[in-house]
Amino acid sequence: MEPGREGQEHAKRSSLFTFLIAGVILLVVLGAFTLIQRRAQYRALAEETEARAIPTVAVIHPTFEGAQEDLVLPGTMRPYVESPIYARTNGYLQKWYHDIGSRVPKGELLADIDTPEVDQQLSQARADLNTAQANANLSKITAARYQELIKTDGVSKQEVDNAVGDLEAKQATVKSAEANVRRLEELESFKHVFAPFAGVITRRNVDTGTLINAGNSGAQQELFNLAQTDPIRVYVSVPEVYSPSIHVGLGAFLEVTQYPGQNFQGRVVRTAEAIDPSTRTLLTEVDVPNRNAQLFPGGYSQAHLQVKVNAERLQVPVNALLFRSEGLRAVVVDADHKLHLRPLTIGRDFGTTLEVLQGLHANDWIVLNPADSLEDGQTVRVKEVAQLNVPAQANPGASAGAPQ
């Protein structure tokens with residue numbers, strides 16, 4: 001073979017080898033680039049997944065209550081005296097004389113009951129009494145005669161003793177018959193139903209012709225409900241922290257929604273002198289004069305107890321509370337975005353907000369609508385929520401923004 005031709009073939013083989021080497025290098029480079037790109041995508045996906053796994057929570061500050069000197073608490077109005085009125089005899093309602101809303105004095109006739117069975121029993125008892133009295137009178141005459149005859153030995157001593165014993169037995173029968181007559185007379189007197197005290201009829205459960213049974217066996221047997229509303233009692237549950245300030249004679253007044261701007265003056269007349277373990281409150285009674293009958297039993301009121309409360313008190317919305325088996329908790333976020341479950345001591349309930357006595361500070365960030373899945377020490381993202389009622393007096397730290 002010619003040398004020139006061999007050189008050409010050698011050059012071709014060298015070019016082909018070079019091309020193959022370049023192709024392999026290119027494939028390696030492309031593969032490495034693809035692996036690096038996929039690894040970067042996987043890392044970015046993992047970081048995004050991890051970021052999305054951190055929950056975002058809305059946070060706010062507790063707010064301060066407005067400064068006030070009175071302790072304002074919800075109160076329930078009750079009659080000073082209240083009594084259901086039942087029948088003490090059987091029969092049918094013959095007539096009623098007062099309906100609901102009627103104000104009656106003590107001893108006023110409320111209703112008449114027709115009692116034919118009791119009337120007949122009384123007639124029979126009186127007849128039995130007459131019989132017993134007649135028998136006793138005959139025994140008395142017989143005993144007197146025998147006592148005279150024994151003086152002349154006309155009868156034996158045994159016959160005299162029998163006559164005297166018979167007289168005593170007949171006299172005992174008379175007393176029993178008299179007691180039975182008095183009992184039935186008392187039952188018959190119950191056919192007239194009278195008011196036991198002055199008050200207002202708040203309920204009438206019977207009408208003419210209703211079958212009446214004696215006793216208080218169930219609400220259906222109640223004839224009337226009578227209530228004395230002057231003065232009116234107001235029961236207030238005072239939180240334990242304020243209980244040392246409550247005493248008999250403490251000034252108080254009521255506010256009711258139906259009389260805006262009007263105060264009804266009263267005073268504390270008694271307390272339970274014991275804390276209710278279920279609510280941790282002191283049951284307190286306030287008596288308020290009600291001469292014009294403006295206050296209705298069973299109504300709702302705001303009781304102002306003049307205990308001069310000047311301490312700063314915090315409020316939180318009810319949707320910032322977490323109810324756990326171990327008790328009431330608030331979820332607080334610290335500067336490191338970590339959650340902490342704080343136990344709370346709650347005071348008054350204002351409906352949409354609650355008074356916090358212990359457990360929170362003014363500069364704490366608390367989570368709104370906390371999920372049950374939140375745990376202590378968990379990392380979260382925060383989003384500050386605008387507050388409608390900004391604290392009037394706040395700590396300098398309370399105005400700082402939410403943790404970034």
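Begin by selecting Y259, which is partly exposed because its relative accessible area is 23%, where buried means under 20% relative accessible area, exposed over 50% and partly exposed in between, with a 1.4 Å probe and protein chains only. Before going further, note that this is a predicted model, in which local features need pLDDT of at least 70 and side-chain atom pairs count only at pLDDT 80 or more, while totals for chains, interfaces and linings use all residues. Residues are numbered from 1 along each chain as its sequence is written, and side-chain values use heavy atoms, with hydrogens and water left out.

**The aromatic pair**

The structure holds 1 aromatic pair, and Y259 and F264 form it in an edge-to-face arrangement, with 5.8 Å from centre to centre and 65 degrees between the planes. Rings of Phe, Tyr and Trp (its six-membered ring) are taken to pair if their centres lie within 6.5 Å, and planes under 30 degrees apart count as stacked, over 60 as edge-to-face and the rest as tilted.

**The nonpolar core**

Next, select V234, V238, I246, L254, V288, L295 and L305, which are the residues with the most contacts inside the largest nonpolar core, a set of 22 residues. Such a core is a set of buried Ala, Val, Leu, Ile, Met, Phe, Trp, Tyr and Cys residues joined through side-chain atoms within 4.5 Å. At least two residues of this core come from each of β3, β10 (222-239), β11 (251-255), β12 (264-276), β13 (281-288) and β14 (300-305), and β10 gives the most, with 4 residues. Here helices (H or I, at least four residues) and strands (E, at least two) are DSSP runs, numbered from the N terminus.

Zoom in on V238, which, leaving aside its neighbours within four places in sequence, is in contact with L71, L73, S243, I246, R280, T281, L282, T284 and L305; contact means heavy atoms within 4.5 Å.

Select R78 in strand β3, which counts as partly exposed because its relative accessibility is 36%. The C-alpha atoms of R78 and V234 are separated by 6.0 Å, although these two residues are 156 residues apart along the chain. Beyond its neighbours within four places in sequence, R78 is in contact with I232, R233, Y235, P297 and G298. Now show R233 together with Y80, and you will find R233 over the face of Y80, at 4.2 Å from the ring centre. A charge sits over a ring if NZ of Lys or CZ of Arg is within 6 Å of the ring centre and within 35 degrees of the ring normal. Then select P231 in strand β10, where the peptide bond from D230 to P231 is cis, with omega near -5 degrees.

**The open sheet**

Which order do the strands of the open sheet of 4 strands follow? The order is β7-β6-β4-β9, with antiparallel pairing, and the edge strands, each pairing on one side only, are β7 (192-194) and β9 (211-212). Two strands pair if DSSP finds at least two bridges between them. Strand β4 is joined to the antiparallel strand β6 (residues 109-114) by 4 bridges, and you can follow this by selecting Y92, which stands opposite D114, and then L93, which stands opposite I113. On to β6 and β7, which pair in the antiparallel sense over 3 bridges, with A111 opposite V193.

Move to T89, in the loop between β3 (71-86) and β4 (91-96). Is T89 buried or exposed? T89 counts as buried because its relative accessibility is 2%, and, not counting residues up to four places away in sequence, T89 touches T115, V118, L187, F190, K191, I212, N213 and A214.

V118 is also one of the buried residues of α2, together with L122, A125, L129, A132, A136, S139 and A143. Helix α2 (residues 116-149) has 34 residues and reaches 50 Å from its first C-alpha to its last, close to the 50 Å expected at 1.5 Å a residue, the expected span being 1.5 Å times one less than the number of residues. Show α3 (157-189) as well, as it is included in what covers the buried residues of α2.

**Two positive phi values**

Finish with E273 in strand β12, whose phi is near 55 degrees, a positive value in a residue other than glycine; E273 counts as exposed because its relative accessibility is 74%. A293, in the loop between β13 and β14, has a positive phi near 55 degrees and counts as partly exposed because its relative accessibility is 21%.
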